[in-house]
Amino acid sequence: MLNFTLSRRFIQIASLLLGTSLITIAAAAAEESITVVTADKMLDVTKGTLIDHPQITIRNGRITAVERVGAAIPAGAIKIDLAGMTLMPGFIDMHVHLTGDPHYGGYRGLEFTDNFWTVVGVANAKKTLEAGFTTVRNVGSSNYDDVALKQGIEEHQIPGPRIVPATYAIGATGGHCDATEFPPSISVPTPAVANGPEEIRATVRKLRKYGAEVIKFCATGGVFSKTDSVSGQQYSLIEMKALVDESHMLGLRVAVHAHGADGIKDAIRAGADTIEHASLADDEAITLAKQHGTWFSMDIYDDDYILAEGAKNGTFAESLEKERMIGLKQRQNFKAALKAGVKMVFGTDAGIYPHGDNAKQFKTMVDWGMTPVQAIQAATLNAAQALGRTADVGAIEVGRYGDLVAVKGDPLSNVTLLQSLDFVMKGGEIVKETK
């Protein structure tokens, strides 16, 4: 009785202050969104099995019931019947660069003002969401652009996926996460270049201050940096340990750019959560990853795009040569790591190829050893675990967001169906629907 009296008194006071009727305020407070989605089948990613005739109830953006068709439907619910379709959880890409565009390779990006890339990110966020990737981990952007995109999406200013931002990627002077394509006479702002344990710790704190929800650092050289060796280690074990310890103390997980075997192994020993690329992982690195429970995020699709389109997009000749050196080896090591039982997530490096094509990697993963179920689990259940966000995303379960995708037919028989979805929903709101 006390709670009812206080609530009623609050509404009365609010109506006097705002000049709004008691009935209007009470009605707004009681309003809720209810959607019921039915389909022919649903993939239970936890069990790896298909369920016939699912019925999913979503209230105010979150799933409140997972039942079979025929269960009671709440009064006032919006009904969506996806006849002939298979439902899956919204996909998660663990390695994207939303403000990147492969058409501006090499020095071509210098034609544009700094904030041009924020605009690019707005367009790419929409493409990514419409492709069914309702959550992404953005592992590196300049000017804190990924935080800006996240805020714009959450404030409903622009469409896009849920973003876990890293802000800048941390790296050593002259390393992959530094600007290595300019002469000494040109100074480029590099706020996340840090050397030595204490400077690295301070950089982690700064990035967290300005919105980082995951920390990314470069343990080895890379393909698209101009002057370094793709396999060369760029941080010592002591430096990596300081970075990981500081990040974990702040409640942040750590993603590590690492192609070379030595850098991969030291990153695992330092306690990193995910290894990005893992291209040249040797047997010892694979064994360490399995022992430590470290996730591998291996972008094995984009080799096709880089070698086919890179030259015409202005990509440095050195970068194309590095890609030729590691592309096939990365795929072979993907297969070896999978066979050894290393935990795998779906990460594509979108931005190196066009955004919206993320789902092309499903077929590559299947071609190199995964079953279709394993590939989908990598982009749902596994990714949510690696993010630490199993309460929110990664499965169609009570309590998680109403993030759903669907295709006509059976994606377990033809995984290429995932490249052209017929239905996408984020938080109970339809993003894409093919009539």
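Trainee: Which residues does A340 touch, leaving out residues up to four places away in sequence?

Mentor: A340 touches I286 and K290 once those sequence neighbours are set aside, where contact means heavy atoms within 4.5 Å. This is a predicted model, in which local features need pLDDT of at least 70 and side-chain atom pairs count only at pLDDT 80 or more, while totals for chains, interfaces and linings use all residues. Residues are numbered from 1 along each chain as its sequence is written, and side-chain values use heavy atoms, with hydrogens and water left out.

Trainee: Why is A340 called partly exposed?

Mentor: Its relative accessibility is 28%, and the term covers the range between buried (under 20% relative accessible area) and exposed (over 50%), with a 1.4 Å probe and protein chains only. A340 therefore counts as partly exposed.

Trainee: What makes α9 and α10 roughly antiparallel?

Mentor: Helix α9, residues 302–309, and helix α10, residues 317–340, pack at an angle of about 155° with their axes 10 Å apart. Because the class of roughly antiparallel begins over 145 degrees (under 35 is roughly parallel, 65 to 115 roughly perpendicular, the rest oblique), α9 is roughly antiparallel to α10. Each axis is a line fitted to C-alpha atoms over the stretch in contact, and angles between N-to-C directions run from 0 to 180 degrees. Helices (H or I, at least four residues) and strands (E, at least two) are DSSP runs, numbered from the N terminus.

Trainee: Which residues of α9 and α10 meet?

Mentor: From α9 come D303, D304, I306 and L307, and they meet L320, E323, R324, G327 and R331 in α10. The residues of this contact divide into three nonpolar, one polar and five charged, where nonpolar means Ala, Val, Leu, Ile, Met, Phe, Trp, Tyr, Cys and Pro, charged means Asp, Glu, Lys and Arg, and the others, Gly among them, are polar.

Trainee: How do you know which class the pair α7 and α8 belongs to?

Mentor: Helix α7, residues 261–270, and helix α8, residues 283–292, pack at an angle of about 15°, with their axes 9 Å apart. By the cut-offs already given, the two helices are therefore roughly parallel to each other. In this contact I264, K265, I268 and R269 of α7 meet E284, A285, L288, A289 and H292 of α8, a set that divides into five nonpolar, one polar and three charged.

Trainee: What makes β9 and β13 edge strands?

Mentor: Five strands form an open sheet with parallel pairing, in the order β9-β10-β11-β12-β13, and β9 (214–218) and β13 (343–345) each pair on one side only. Two strands pair if DSSP finds at least two bridges between them, and five bridges join β9 to strand β10, residues 253–258.

Trainee: How do you know that both faces of strand β15 are covered?

Mentor: In β15, residues 423–426, F423 and M425 on one side and V424 and K426 on the other are all buried. In a regular strand the side chains alternate between the two faces of the sheet. Strand β15 pairs in the antiparallel sense with β14, residues 404–408, over three bridges, and four bridges join it, also antiparallel, to β16, residues 429–433. In the hairpin of β15 and β16, with two residues between the strands, G427 takes a positive phi near 60°.
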